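User: I have a model open and want to go through it piece by piece. Can you take some questions?
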Amino acid sequence: MAAGRPLGRIAKLGSSICRNQRLFLNRSPQRRGVASCVDPAHGLTEEQKEFQKVAFDFAANEMAPHMAEWDQKEMFPVETMRKAAQLGFGGIYVQPDVGGSGLSRLDTSVIFEALSTGCVSTTAYISIHNMCAWMIDTFGNTEQREKFCPQLCSMEKFASYCLTEPGSGSDAASLLTTAQLRGDHYILNGSKAFISGGGDTDVYVVMCRTGGKGAKGISCLVVEKGTPGLSFGKKEKKMGWNSQPTRAVIFEDCGVPVANRLGEEGQGFNIAMKGLNGGRINIASCSLGAAHASVQLARDHLLVRKQFGETLSNNQFFLKLAKRAHRWLRLPPGREAATGWGKPPERVSLSRPNLRHRSLNGVKKKAIFFSPKKNLHLFHFFILLSKI
Amino acid sequence: MSGRVLVGVKRVIDYAVKIRVKPDNSSVVTDGVKHSMNPFCEIAVEEAVKMKEKKLIKEVVAVSCGPQQAQETIRTALAMGADRGIHVEVTGKEYETLGPLQISKIMAALAKKEEAQLVILGKQAIDDDCNQTGQMTAALLDWPQGTFASEVSFEGDKIKVVREIDGGLETIKINMPAVITADLRLNTPRYATLPNIMKAKKKKIANMKPADLGVDITSRLEVLRVDEPPQRQAGVKVETVEDLVSKLSEAGLV
């Protein structure tokens, strides 16, 4: 596969960086056996281990038991997310003076990775919510920060990020939603597509055209639900990730106060991209968390399932496969690549396909361990697999 | 009364991990395995923190004995609301043979040193299931004990403890200072919040060795062998009652 070769190089680079870091920092490499699982706390500070522990516990107790139901019944788990917000997960990298937890990107990545072991889809939405809260926190003025951030951090209100349109996906700068200035309001016309949380959320961070063509003509507006002229399309039918609704967001002469503009006119694209730089890391972390949970489930199954008189973990074929899967699925380097060891997101160049690819490959190999039999673990596993 | 409560917390293999025995049958595999605070110790910490929130006591001190990693467990207790921690450092061979008798000697020495009003422990640890430390600590201190507590309340200068026993629930009233061991239904431990974890960073953990407390931790027990439970054997189906009786007498059970 064409993507495979650069991927292989990244994998080698990742593992050699990891090896060098280990030598440099004097850590002994962990013994890796087939039956031992990758230690998710490897390389974290004590504080990060604590954050990870809370997130793991919350995921295991509050999310995992309901994950399948949320997916099957297409429920947006508002109460569970508000519980998460009480622990500080509503605005993880938002400043504390407006209700956030004030943590670093690496801390955030660790937390989302752990939360994803409970439910990837919900955690992915929580990460979008966090991204929006950060954008308002970072680029908003005092009034905007005080108006929106506290309620977002407590998840009293939920947020959505609106950039993609039916006619502009990858070419985001060519977006067509217009915002014409009339007095002290912008009048919005246009529509956004595939908006996570759309229709159920309260605060919409919308990129729209206030100026000429291209990125420099785009501004960022905060639109509140209930504003006349704001409506939503039908809930999209998805295969998986059903715990967050996805809808089109439609603007028909929708009047938004100029006071709701984040930053200056023409700054919107810049704000959008900066938001996504963090969002990219978050979503990669979600994939890593899902891969972690999948590996654990597969490993546990290997130790329990017997065929041909012995447990699958003793089977030669699976031993070979597992060793190869372990090489692909080096979770610590995956996390290192995802977070650049704490460098600001701007300096880390990574693409979502790359990282999710690596986790996917590891997971695909593990998937062979399951045979199609009625098994509760199996169902759980496939729900996880479908979410990557 | 000093208003100080000592809470013992133990770092054990996480309850969700599938335990494996080492190939040499000397012990279970602990390297690279996820560890966390003993669930009953979490309940003990939660009870102590609740007492502090109700202003019934003034200070919660979390204690753990073990190698460097025991500090992680103390940090979790601090993140849940304990005020400070004490790490009694025990490593290597001595740590492997550390058991209830040694821990209770350490807890008793600390309870005297800190002038504790209460010592709250989990009723047992999920790795060894001894259910001895609380009782031994009380005996060494000659303090009353309220074990298997499912409800604890202050009544004047005494403590009322509802204990879960085989026959049902027993309510006792004991003088302070006392030792209490927490049972499952005492409370539901809280999650640490991110702000509390950050605050816990500033809380102090004192370091000491058992020798500093004048405690001898040599073990009087030697573990000879650790084995997995025997594999469940397949049964045999029989057609008639006579067959059943003959099979049972063959096995020497009748």
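User: Start with His87(B): buried or exposed?

Analyst: This is a predicted model. In it, His87(B) counts as buried because its relative accessibility is 0%, and buried means under 20%.

User: Where does His87(B) lie in chain B?

Analyst: His87(B) lies in strand 5 of chain B, residues 84–89.

User: And what is His87(B) in contact with, leaving aside neighbours within four places in sequence?

Analyst: Its contacts include Ser64(B), Gly66(B), Pro67(B), Gln68(B) and Ile74(B). Ile205(B), Ala206(B), Asn207(B) and Met208(B) are also among them.

User: Now Glu222(B). Buried or exposed?

Analyst: Glu222(B) is exposed, because its relative accessible area is 65% and the cut-off for exposed is over 50%. The residue lies in the loop between strand 11 (205–208) and helix 7 (241–250) of chain B.

User: How far apart are the C-alpha atoms of Glu222(B) and Thr97(B)?

Analyst: They are separated by 7.6 Å, with the two residues 125 apart along the chain.

User: Switching to the interface. How many residues does each chain put into the contact?

Analyst: Chain A puts in 29 residues and chain B 21 residues. The area buried between the two chains is about 2,000 Å², and carbon and sulfur atoms give 59% of that.

User: How many salt bridges are there between chain A and chain B?

Analyst: The count is three. One of them pairs Glu46(A) with Arg75(B), where the closest N and O atoms are 3.1 Å apart.

User: Which helix gives the largest share of the side of chain A that touches chain B?

Analyst: Helix 2 of chain A, with 12 residues. Helix 2 spans 46–73, and helix 7 of chain A (268–304) also supplies at least two residues of that side. By class, the side of chain A has 13 nonpolar, 11 charged and five polar residues.

User: What about the largest nonpolar core? Which residues touch the most other members?

Analyst: The core has 101 residues, and those touching the most other members are Phe89(A), Ile111(A), Ile136(A), Tyr161(A), Met207(A) and Val7(B). Helix 5 of chain A, residues 120–139, gives the most to this core, with 12 residues.

User: What is Met207(A) in contact with, beyond four places in sequence?

Analyst: Among its contacts are Met135(A), Tyr161(A), Leu163(A), Leu175(A), Ile218(A) and Ala272(A). Lys192(A) and Ser219(A) are included too.

User: Which residues does the second, separate core include?

Analyst: That core has 26 residues, including Cys65(B), Leu98(B), Met107(B) and Trp143(B).

Methods. Residues are numbered from 1 along each chain as its sequence is written. Chains are lettered from A and ligands numbered from 1 in the order in which they are written. This is a predicted model: local features need pLDDT of at least 70, side-chain atom pairs count only at pLDDT 80 or more; totals for chains, interfaces and linings use all residues. Side-chain values use heavy atoms; hydrogens and water are left out. Contact means heavy atoms within 4.5 Å. Buried area is the accessible area (1.4 Å probe) that two parts lose on being put together, summed over both. A salt bridge is a side-chain nitrogen of Lys or Arg within 4 Å of a carboxyl oxygen of Asp or Glu. Helices (H or I, at least four residues) and strands (E, at least two) are DSSP runs, numbered from the N terminus. Ala, Val, Leu, Ile, Met, Phe, Trp, Tyr, Cys and Pro count as nonpolar, Asp, Glu, Lys and Arg as charged, and the others, Gly among them, as polar. A nonpolar core is a set of buried Ala, Val, Leu, Ile, Met, Phe, Trp, Tyr and Cys residues joined through side-chain atoms within 4.5 Å. Buried means under 20% relative accessible area, exposed over 50%, partly exposed in between (1.4 Å probe, protein chains only).
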